[in-house]
Structure formats: C-alpha cells, structure tokens
Amino acid sequence: MAGIDYTERIPNNVNLSEDRRLQRALEEWQPRFLEWWKDMGPDGFQAKEAYLRTAVSVDVQGWAKFDYLRMPEYRWGIFLAEPEPGRLIGFGDHKGKPAWQDVPGEYRGVLRRLIVTQGDTEPASVEQQRHLGRTCPSLYDLRNLFQVNVEEGRHLWAMVYLLDAHFGRDGREESEALLQRRSGDRDKPRILGAFNERTPDWLSYYMFCFFTDRDGKYQLASLAESGFDPLSRTCRFMLTEEAHHMFVGETGVGRIVQRTCELMREHKTDDVRKFGGIDLATIQRYINFHCSVSLDLFGSEVSTNAANFYTMGLKGRFEETKKPDDHQLKEATYPVVELDGDRIATREEPALVSLNERLRDDYVADCVRGLTRWNETIKRHGIDVELALPHRGFHRAIGSFAEAKVSPDGRVISEAEWDARRRDWLPTEEDQAFVQSLMQPVVEPGKFASWIAPPPRGINGKPVDFEYVRLG
Ligand code: BYC
C-alpha cells in the first residue's frame, strides 16, 4: 500500500483504476493542469533537465528517488499517507466517533471552502515564482526552486483529488476554478492576500519560503488533525514535502545573512551594497514585510469561523492529539493580544474563537527559532546587530490590528508617525531596485552570486558543484 503505482497515467496509491468515474474526471483535468503549468510554471525552463526528487512511496523513510527530468514530465499524482486503522475524531462535538471516510453532509460547504482555500495557495505560489529562474544565484538554487514548484503543483493535485473524489459536480467546478484564478490578477485574484503579492527577486523568494510556506506547515498540520480522514491523510503526506520548502527558505536567508556578514567584516562597514551584498537593514525590512503578510494568513484573532471548523471536527489545533485537555474547549479561555483603543492589551478570550491566534502563536515561536539561527551567524562574525520579528500588530490587513498603525516594536502610532517612518520599516522602492540590480543569473556549476554564500553541502549527497540543472 505504501508503494505508488507509476504504471498508471496518474500515479497514485488510492487504487484510482477501481473508480472509473473519478479516474475519468482526473484524466480530463490532467491536460488542463499541464496547459496551466506550461503557461504559468517556471518561465524559460520547461525543456531543461533538472535533478529532482519524485515520491516513490509514502513511508517516512526513503520516500523519494532523485533523477534528471524535464518539469512537464514530472509524475504529478495522488499520494495519501497510510490509513491509521480505527482512527477516531480527536476533537470537537464528534470527538471519539470514527473518523469520516465520506464528507458529512451537513459540513459539505464548509469543508469544500477549506479545501479550496488550501488548494488555491499552491498554484498561486508557482505563478508568483515563475520568472525567478532567469535570475538564479546558482544551479543549486535553481534546482531547489524547481523542486518547490513541482511539489506545489503536486499539492494542487492533492486538493483536486479531494474535490473530485468527494464533492461531485461542485468539486469538479472548483477544480477548474483553481486553474482559472491568477496571482495578482485584478479580476480573478487568488483567494488569500499574501498569494497576490509579487515575488520579484530571490530575497523575496527565500523570505516567502521561510514565512509563507511556514504558514502552510501550520495550516496543513491543523488540517492533518481533521476528522475527515482523506483530508488528514493527504495533509500528512504534504507535510513531508513541505519540510524541504522551509529548509530552502531558512537556509536561503541564512546564506544571504552569512555573505553579508563576511562582507561587513572584510570591508569593515555596514554598507555592503557597494560590495555586492545586501545590508542587514534591508534584510530586516524584508523580514518585516513578509512576516506581516504571512501573519495575516491566520485570519482574525477572534473568529467564529475558526470556532466552527473546530467544533465540527474539520480543523484542529497544531499537534491536537498531544494536548492534555478535553479537546472541546467549551469552557477554556486563551490569552489574545489585541488592539484596545490606542493601546495593545492581552485579554482572555473564549478558547474556541481564539484558535487562529493560538495557531499564530505556534507559528511565531517557530519563526523565532529560525531568526535565532540567523542571529547566531551574525554573532559568530562578531557583529552587534540582531534581526527581529516585527510585532504582530505591525502592517496588518486582517484582524483587529488592521484598524491601527503599529510600529515594529509594538507601539500604536499616529498616521503621521507611520508616514514618516514607513521607509525605515518596509522595503522602499530603492531597496527593491537595489535588490533587483543584484539579480544577475549565475549558472556555472559551483559558482554563486556575490550576495549569497554557498551551502555547506549539496542535495542528496551530491557535491555543491554538481550540475543540478542541465542548461546546455
Ligand atoms: N486574505 O474569521 P476570519 C500554504 C477571510 S499556506 C484574504 O478572520 P478564518 C502554502 C476569510 O476567508 C496555507 N481573506 O478567518 C504556502 C473569511 O472570509 P468569509 C493555506 C482572508 O476564516 C506557501 C473572512 O476573511 N491554507 O499552504 O477563521 C506556498 C473572515 O475570516 C484572509 C489555509 O489557509 C487573508 N489573509 O481563517 C504554497 C487553510 N484571512 O468566510 C502553499 C485553509 C481571512 O467571511 N484556510 N480571510 O468569506 C483556513 O483555515 C481559513 O480560511 C483561514 C482564515 C485560516 C485562511
């Protein structure tokens, strides 16, 4: 069961050939997906061979095989984690009942909406990143970009499978619409804010993988707790792929920070721009931007939607099953940091409506761990600067803080102060133009752009100077 059948047109471990109706629906969607991929996937590299991993089983150990392939030949398919025999719903009103194998009729609309929202982010990120290949800082980085892209494509397949298998005609229409919306399009934008932002350069890309993919980790982990078992199993396998995406983000920013520090030390200056590096102040402004738009992805601090998802047994907390409480939360409270007039205050709110905030707290703690590692690099170079996450109220468009202006250190400030200081806190047009000016492609094996350090090791035991993408 753990093995994946690659003899089928659509590789899968769900016995697709035994469900002719579903197989037909997915086989009709497949060429449209490929058309979308060719139009909106990595621009200029469709015919090049890249050293990519493909899932060969859903076992935690050794699930991938590596080989050269052209991206349109990637075997996108449907892979669910192994079922847990006798799995019970772990939280909410249905706690203790057998997990659902079919969609519970009364929750159909809500569940479909959750799956569509998740599914929409996957093609969106591929669209956001489609021009980056042309300015890659190395073949190693180019290969990592493509790996992330094909796997986001597979995550789209994962959600389309759920829609087609469990939501009949509505599901097929939603699958179609997932290929119609476009990141940043004024008329048919992607659903969530961060997925309509631009990812114009590799600093933005690494920040996106660090901050926005990490939202993916926390949302997928909450959906992996779902009482709807097919969603849970799908998300569990997606999480194993997601880990690499965050690795790309954390090590990408980490290598930029390292290069900056090397240049600062070598030239005894903070202003490394003239030496082809990205100064720490600019890196901090990019952190402020990407962190704040990613914090928005968790929704409002106090949300009846979140309470409903939980009570219905559709979306749990991060590591729900490990938490030592009643998993119903009807009486519990949770401390929520909120805007209170012109102050920021922590208030005890009912735990059920605070679930978005609780997930955001888990996420922030995880982000801090990454920041700490970047700061260790800075310290090792004897430099007295610390990168920091902005306050959670800074530059927010969703939730209570959307109504106020908050500084990165967490003060509610006037519009006038915001206007005066904004350039210190968020990437300016000059920052963006400067970062853009550094984006010159480096494609000789083993060579790296001036603004990023090489990684300590290559992919899958290969050397750093391996030809990760064959451009010849
Ligand atoms: N932008 O009660 P509220 C990933 C809407 S990333 C625009 O505050 P709720 C990935 C909301 O839909 C993970 N709209 O929030 C990463 C609602 O609309 P309706 C993606 C927003 O519903 C990198 C209204 O505001 N997965 O996988 O509790 C690369 C009030 O909602 C936003 C998921 O998100 C926003 N930022 O929670 C590739 C999981 N925030 O219903 C992939 C599924 C809120 O009033 N989604 N709204 O019309 C969910 O669990 C929830 O929909 C949300 C929002 C957490 C997003």
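Please keep in mind that the model is predicted. Three strands make up an open sheet in the order E2-E1-E7, and helix H3 lies across these strands.

**The open sheet and its helix**

- The pairing in the sheet E2-E1-E7 is antiparallel.
- Strand E2 (64–70) and strand E7 (469–470) are the edge strands; each has a single partner, so one side of each is left without a neighbour in the sheet.
- Strand E1, which covers residues 49–55, is joined to E7 by two bridges in the antiparallel sense.
- To find your way along this pairing, look for Glu49, which stands opposite Arg470 in E7.
- Helix H3 spans residues 139–166 and lies across E1, E2 and E7. Its direction makes an angle of about 40 degrees with E1.

- Strand E3 (residues 333–340) and strand E4 (residues 343–350) run antiparallel and are linked by eight bridges.
- Within this pairing, Leu339 stands opposite Ile344 in E4.
- Two residues sit between the strands of the hairpin, and Gly341 takes a positive phi near 65 degrees.
- A handy reminder when viewing strands: side chains in a regular strand alternate between the two faces of the sheet.

**The ligand site**

- The side chain of Gln118 places an N or O atom 2.6 Å from a nitrogen atom of the ligand.
- Ser303 has a polar side-chain atom 2.7 Å from an oxygen atom of the ligand.
- For Asn356, a polar side-chain atom lies 2.9 Å from an oxygen atom of the ligand.
- On its own the ligand has 1,000 Å² of accessible area, and the protein covers 82% of this.

- Phe33 belongs to helix H1 (residues 20–40), while Trp76 lies in the loop between E2 and helix H2 (108–128), so the pair ties together parts that are 43 residues apart in sequence.

Key:
Residues numbered from 1 in each chain as written. Predicted model: local features only at pLDDT ≥ 70, side-chain atom pairs only at ≥ 80, totals over all residues. Heavy atoms only, no water. Pairing = 2+ DSSP bridges. Helix = DSSP H or I, 4+ residues; strand = E, 2+ residues; numbered from the N terminus. Contact = heavy atoms within 4.5 Å. Axes fitted to C-alpha atoms, helices over the stretch in contact; angles between N-to-C directions. Polar contact = N/O pair within 3.5 Å; in protein donor to acceptor, adjacent residues only side chain to side chain. Areas by Shrake-Rupley, 256 points an atom, 1.4 Å probe, with all protein chains shown as cover.
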